[in-house]
Amino acid sequence: MGKVKVFNLKMFAYHGCMKEETIIGSEYVVNVVAHGNTEKGSKSDSIKDSIDYVRLSNIAKEEMNITSKLLETVVYRICLLYTSDAADDTPCVDLGGRRII
């Protein structure tokens with residue numbers, strides 16, 4: 001069992017329940033942690049057998065660009081989109097985001 005962490009992805013997005021939030025937008029720092037079996041990848045030295053952190057960060061960036069009322073909705077979409085032979089059947093991504101003030 002292993003995990004890949006992608007931290008401090010800085011993004012500007014338009015999330016929130018209030019109309020003003022979707023117009024003005026905010027800066028976010030996104031942290032993503034993916035859990036899975038990394039043993040096969042460590043032996044084969046092939047990205048297809050491991051957790052691809054580049055793909056993981058690209059998915060996070062793409063999903064943050066889709067306006068949502070709740071960050072939980074963004075997390076759900078990332079979990080659905082990130083699949084890998086190395087990824088667990090358990091929830092694959094835990095995304096923590098905070099607004100920079």
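Predicted model: local features only at pLDDT ≥ 70, side-chain atom pairs only at ≥ 80, totals over all residues.

User: How much of the protein is buried?
Analyst: Buried residues account for 40% of the 101 residues. The accessible surface is about 6,500 Å², and 54% of that surface belongs to carbon and sulfur atoms.

User: And what share of the contacts with a separation of 6 or more comes from residues 24 or more positions apart?
Analyst: That share is 63%.

User: Let's move to helix 3. Which residues are buried there?
Analyst: In helix 3, the buried ones are Leu 56, Ser 57, Ile 59, Ala 60, Glu 63 and Met 64. Looking down the helix axis, these buried residues fall within an arc of 160°, so they line one face of helix 3.

User: New topic: how many salt bridges does a search of the whole structure find?
Analyst: The search finds 4. One of them joins Arg 77 and Glu 63, at 2.5 Å from N to O. This pair links distant parts of the chain, since Arg 77 sits in helix 4 (residues 71–81) and Glu 63 in helix 3, 14 residues apart.

User: Are those two buried or exposed?
Analyst: Arg 77 is buried, with a relative accessible area of 18%. Glu 63 is buried too, at 7%.

User: Which residue forms a salt bridge with Glu 39?
Analyst: That's Lys 43, with the closest N and O atoms 2.8 Å apart. Both residues lie in helix 2 (residues 39–44), 4 residues apart, which is about one turn of the helix. Residues three or four places apart in an α-helix point the same way, because there are 3.6 residues a turn. Glu 39 counts as partly exposed at 46% relative accessibility, while Lys 43 is exposed at 65%.

User: Which residues are linked in a network of salt bridges?
Analyst: Lys 40, Lys 48 and Asp 49 are. The side chains of Lys 48 and Asp 49 meet at 4.0 Å, N to O. Asp 49 is buried, with a relative accessible area of 8%, whereas Lys 48 is exposed at 61%.

Technical notes: Residues numbered from 1 in each chain as written. Heavy atoms only, no water. Buried < 20%, exposed > 50% of the residue type's maximum accessible area, 1.4 Å probe, protein only. Contact = heavy atoms within 4.5 Å. Areas by Shrake-Rupley, 256 points an atom, 1.4 Å probe, with all protein chains shown as cover. Helix = DSSP H or I, 4+ residues; strand = E, 2+ residues; numbered from the N terminus. Arc of directions from axis to C-beta.
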